[in-house]
Structures are given as structure tokens and as C-alpha cells.
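Subject: Structure for you to look through

Hello,

Here is the structure I said I would pass on. Please open it next to this email and follow along.

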Amino acid sequence: MKKKSQIETRIEESMRFIAYLSDKKFTLAHIGLSDKVSFDWTKSGLYLEEKNVKGRRKYNAIEYVWLRLVKELREFGLSYDAIRNVKSVVLKKVKVQDYLLQLLKGDLKKEEDVKSLQTQINLALKTNLELQKVINEGSTDLMNSIFCMLMYETFVHKSDATLLIKKNGTTIVKSGKHVPESKSKVEVMNEPFISYPLRHVIIEFMQRENLMKTEMAMNMK
């Protein structure tokens with residue numbers, strides 16, 4: 001059997017991790033929200049995805065972290081309108097393929113090597129059955145979002161991505177390594193704002209779910 005190259009191994013690891021982020025296995029009890037709060041937030045459009053199944057819904061890690069973030073933003077006093085504005089920013093599209101290409105190509109200088117890498121990533125996305133399963137059960141738009149990519153960066157690459165949030169919800173992403181920053185930074189920085197490091201809510205998620213001792217947690221130290 002042909003030994004996998006380092007880049008092929010990294011692509012497979014990326015696929016598995018993105019599949020983990022997208023797997024809907026958490027409940028409101030995991031997240032620490034009541035049915036009433038969930039109903040109010042669903043009705044008010046604070047959820048990243050609309051409910052599309054009967055009965056009690058389950059949430060993936062992306063939704064879990066978002067809802068914990070919403071909880072803290074509410075404690076800071078942000079209105080529903082403001083949080084909807086935050087949501088509109090973090091749901092902006094960033095293609096998984098393009099993101100992984102930028103992340104993995106590293107020192108590749110030859111154009112043919114970059115094209116080969118792009119082909120490998122596209123093939124991995126098509127053939128990864130676990131990932132296809134969660135895509136079909138969930139939302140491709142959510143996986144191809146800034147929020148998903150920032151979570152990936154924070155978990156795997158120690159990104160110090162921070163959301164700068166004004167009282168009205170105007171938001172920019174600061175310091176994401178591979179996610180473009182907003183061009184409206186000056187507009188936010190000239191007025192009072194909340195500086196919210198995503199590592200805070202993600203580490204809290206890992207602690208709540210007892211993930212700190214797993215291999216996935218090693219890069220967070």
C-alpha cells in the first residue's frame with residue numbers, strides 16, 4: 001500500500017475535524033439553555049439555522065459555541081437586533097476548499113503543486129463519507145461560513161481571532177489568520193465596543209464537554 005504523503009494526511013485530518021464540527025450530537029442540556037430561551041431565540045432569529053426536523057433538535061459544535069456566545073452577549077446587554085447583526089457577519093461565506101488551500105499550501109511555490117493540492121482537497125471533500133453525511137444532514141452554508149472557519153483555526157492553529165462588536169451589533173473579525181478582516185475596523189475602533197476572543201468560548205466548550213484531555217485539545221495549550 002502506498003504511503004500517504006504529509007499533505008494527504010493533513011487533508012484527511014482536516015476533513016475529520018470539519019466533520020466533527022458539523023456533527024449534530026449536542027442537546028440544549030449540553031449547551032445549558034432552557035426550552036423557553038431556545039424558543040425565544042428561535043422566534044427572534046438568533047439561531048444560525050432554522051429548525052428543519054420534528055421533535056427535539058440537536059446541535060453541532062458550531063451551533064453550540066454560537067449559542068454560548070449569544071448567551072454571553074445577552075449578559076452584556078446586546079439586543080436581539082444587535083445579535084442578528086453579529087450573526088450576519090459570522091455567517092458570511094468562506095468556501096471550505098479555498099480556505100483549506102490557503103491553509104495547507106504553505107511553502108508551495110510551483111503553480112502545478114498548488115493545482116495538485118487543490119485537486120486533492122476537492123477529491124477529499126467528495127469522497128469523505130463521514131463529511132458527506134453531516135453535510136447532507138446539516139447545512140453546507142454553515143460549514144462554508146466565517147464562523148466555522150474561525151472555529152477550525154482556533155482549535156487547530158491557535159488563532160487568536162476576536163470579534164469586535166459595537167452596541168448595535170456592527171462587527172468585525174480581528175486577527176483570523178486565513179479569514180479576511182473587515183474593512184470597517186476604523187468605524188468600530190472609534191466607538192465603544194466589546195472585544196470578544198473566540199478562544200474563550202471555545203475553551204469553555206471543551207471544558208464543558210470534557211475534551212481538554214483529548215488529542216484535539218493539544219493545540220489549544
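Below is what was found, starting with the whole chain and ending with single residues.

**Overall**

Please keep in mind that this is a predicted model. The protein has 12 helices and 3 strands. It counts 221 residues, of which 45% are buried. Its exposed surface comes to about 12400 Å², and carbon and sulfur atoms supply 51% of that area.

As background, the strands of a sheet are paired through backbone hydrogen bonds, and the pairing can be parallel or antiparallel.

Take the two pairings in turn. Strand 1 (residues 162-166) pairs with strand 3 over 5 bridges, in the antiparallel sense. Within this pairing, Leu-163 stands opposite Tyr-196, and the bridge partner of Thr-162 is Pro-197. Strand 1 also pairs with strand 2 (residues 171-174), again antiparallel, over 4 bridges. Here Leu-164 has Ile-172 as its bridge partner. Strand 1 and strand 2 form a hairpin with 4 residues between them, and Gly-169 in the turn has a positive phi of about 95°.

Strand 3 (residues 193-197) has two faces. Ile-194 and Tyr-196 are on the covered face, while Phe-193, Ser-195 and Pro-197 are on the uncovered one. Tyr-196, on the covered face, is the residue that stands opposite Leu-163.

**Two helices**

Helix 1 (residues 6-22) has 17 residues. From its first C-alpha to its last it reaches 24 Å, close to the 24 Å expected at 1.5 Å a residue. Buried residues in helix 1 include Ile-11, Phe-17, Ile-18 and Leu-21.

Helix 10 (residues 146-157) has 12 residues, which should span 16 Å at 1.5 Å a residue; the C-alpha atoms at its ends are 15 Å apart, which agrees. Is helix 10 mostly covered or mostly uncovered? It is mostly covered, with 10 of its 12 residues buried. Among them are Phe-147, Cys-148, Met-151, Tyr-152 and Phe-155. Just after helix 10 comes Lys-158, which takes a positive phi of about 55°.

**The core**

The largest nonpolar core has 62 residues. Leu-21, Trp-66, Leu-100, Phe-147, Met-151 and Phe-205 have the most contacts inside it. Helix 4 (residues 61-75) gives the most to this core, with 9 residues.

Leaving aside neighbours within four places in sequence, Leu-21 is in contact with Cys-148, Met-151, Tyr-152 and Phe-155, among others. Other contacts of Leu-21 include Asn-60, Ala-61 and Ile-62.

Arg-68 is in helix 4. Is Arg-68 buried or exposed? Its relative accessible area is 10%, and the limit for buried is under 20%, so Arg-68 is buried. Beyond its neighbours within four places in sequence, Arg-68 is in contact with Ile-31, Gly-32, Val-201, Glu-204 and Arg-208. Arg-68 and Phe-205 are 137 residues apart in sequence, and their C-alpha atoms are 8.2 Å apart in space.

Ser-44 sits in the loop between helix 3 (35-43) and helix 4. With a relative accessible area of 16%, Ser-44 is also buried. Its contacts, leaving aside neighbours within four places in sequence, are with Tyr-80 and Arg-84.

Tyr-80 lies in helix 5 (residues 80-90). At 24% relative accessibility, Tyr-80 counts as partly exposed. Not counting residues up to four places away in sequence, Tyr-80 touches Asp-40, Trp-41, Ser-44, Leu-46 and Arg-74. Tyr-80 and Leu-46 are 34 residues apart in sequence and 7.2 Å apart in space, C-alpha to C-alpha.

Regards

Definitions and conventions:
Residues are numbered from 1 along each chain as its sequence is written. This is a predicted model: local features need pLDDT of at least 70, side-chain atom pairs count only at pLDDT 80 or more; totals for chains, interfaces and linings use all residues. Side-chain values use heavy atoms; hydrogens and water are left out. Buried means under 20% relative accessible area, exposed over 50%, partly exposed in between (1.4 Å probe, protein chains only). Two strands pair if DSSP finds at least two bridges between them. Accessible areas come from the Shrake-Rupley method with a 1.4 Å probe; for residues, only the protein chains shown count as cover. The expected span of a helix is 1.5 Å times one less than its number of residues. A nonpolar core is a set of buried Ala, Val, Leu, Ile, Met, Phe, Trp, Tyr and Cys residues joined through side-chain atoms within 4.5 Å. Contact means heavy atoms within 4.5 Å.
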